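Keep the structure open as you read.

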Amino acid sequence: MVKLSAARYGKDNIRVYKVYRDKEAGTQDVVEMTVGVLLLGDIETSYTQADNSVVVATDTMKNTVYVLAKQHPVSPPERFGSIIASHFVETYKHIHSAQVKIIVHKWTRMTVDGKPHPHSFLRDGADTRNVEAVATEGKGIDVRSAIAGLLVLKSTGSAFHGFIRDEYATLPEVSDRILSTEVDCGWAWDTFPTLKDVEAAVPKYDDAWDSARKITIETFAIDESASVQNTMYKMCEQILTAVPMVKAVDYSLPNKHYFEIDLSWHKGLKNTGKDAEVYAPQTNPNGLIQCTVSR
């Protein structure tokens, strides 16, 4: 005897671009995002009995996202994600939970002749602003905001020593090393009872994202890091202090290694220890350090 123990479905990689035109100021603002939608509910028969009467077509989900983008502001993404998720739970009575993921792609206004250009933009980094909003019938809306793909490096100010040494350990202890990582940092908001509560908090989302990014960058740069673990914990503490409505902060930091190259084979050329200047950037394998800090 078998049974369907879990099921959800949806539309992924919905590309959305919206332009805001200020006719009085003669300027335009743009937002580009990728949206994903997943639905959960009383959909078992679509799997077990080929009953499509319970299926909201994934093409319908795509169309719905476009309509809602026209009808509502898409910024901040915490609100727009919550609007989409709430729509599916409220519109289809057999759908009990909707998960919406949004990736906001960066477009930064160009400066031309020392002035902000009214309608031209550039992508000045691969990092993105991400949001996950989950609306659940009878339980409210859970929102997680995030920074993803923020590549950072410092050429000194990081150490790693005092770790377990046994017959498997070959890594040398270092008091000074290059530290580089691609930041994935998220913060979970206190559960919002209704969509109105999400909307009431709109002024806080941008401030929280700015604070989290600033804390991440400044702590990374300034901290005399004893380990990635300790540095990320300090970041979490500061974000929880800066944003009272956040209940937990998480980081996932891959350790991007840069190894010294021994060039002594070439005429005794010194390029290790205090003489190291030329390094070999590594791809795989890499360290991966993760943590969640909660109130």
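The sections below take pockets, a cavity, a helix pair and backbone details in turn.

## Basis

The model is predicted. Every value below is computed from it.

## The largest pocket

Rolling a probe the size of a water molecule over the atoms shows where empty space is left. The largest pocket has a volume of about 690 Å³. It is lined by 23 residues, and those closest to its centre are Val174, Asp176, Arg177, Ile178 and Tyr258.

Three elements each supply at least two lining residues: α6 (228-242), β10 (258-260) and β12 (287-294). Strand β10 gives the most, with 3 residues. By class, the lining of the largest pocket holds 11 nonpolar, 7 polar and 5 charged residues.

## The second largest pocket

The second largest pocket comes to about 520 Å³. Its lining has 22 residues; Val30, Val31, Val104, Trp107 and Arg129 are the closest to its centre. Here the classes are 10 nonpolar, 4 polar and 8 charged.

Which elements each supply at least two residues of this lining? They are β2 (27-41), β3 (95-105), β4 (108-112), β6 (128-136) and α5 (202-222). Strand β2 gives the most to the second largest pocket, with 5 residues.

## The cavity

How many cavities of 30 Å³ or more does a search of the whole structure find? The search finds 1. The largest cavity has a volume of about 70 Å³.

The residues that line the largest cavity are Leu179, Thr181, Val183, Thr216, Phe220, Val228, Thr231, Met235 and Leu253. Two or more of the lining residues come from each of β8 (179-189), α5 and α6. The cavity lining divides into 6 nonpolar and 3 polar residues, with no charged ones.

## Packing of α2 and α3

Two packed helices are described by the angle between their axes and the distance between the axes. Helix α2 spans residues 58-71 and helix α3 spans residues 77-91. They pack at an angle of about 130°, and their axes lie 11 Å apart. That angle makes α2 oblique to α3. The crossing of α2 past α3 is right-handed.

Which residues make the contact? From α2 come Met61, Thr64, Val65, Leu68 and Ala69. From α3 come Phe80, Ile83, Ile84, His87 and Phe88. By class, this contact has 8 nonpolar and 2 polar residues, and no charged ones.

## Backbone details

Most residues other than glycine have a negative phi, and most peptide bonds are trans. Some sites in the model depart from this pattern. A cis peptide bond joins serine 75 to proline 76, with omega about -5°. Proline 76 sits in the loop between α2 and α3, the two helices that pack at about 130°.

Another cis peptide bond links asparagine 284 and proline 285; omega is about -5° here too. Proline 285 falls in the loop between β11 (279-281) and β12.

Asparagine 13 lies in strand β1, residues 9-22.

Conventions
Residues numbered from 1 in each chain as written. Predicted model: local features only at pLDDT ≥ 70, side-chain atom pairs only at ≥ 80, totals over all residues. Heavy atoms only, no water. 1 Å grid on protein atoms, 1.4 Å probe; cavity = no way out; pocket = protein on both sides within 12 Å on 5 of 7 lines; lining within 4 Å. Points joined across faces, edges and corners; volume = space filled by probe spheres on them. Helix = DSSP H or I, 4+ residues; strand = E, 2+ residues; numbered from the N terminus. Nonpolar A, V, L, I, M, F, W, Y, C, P; charged D, E, K, R; others polar. Axes fitted to C-alpha atoms, helices over the stretch in contact; angles between N-to-C directions. Parallel < 35°, antiparallel > 145°, perpendicular 65-115°, else oblique. Left-handed = near helix turned anticlockwise from the far one by under 90°. Contact = heavy atoms within 4.5 Å.
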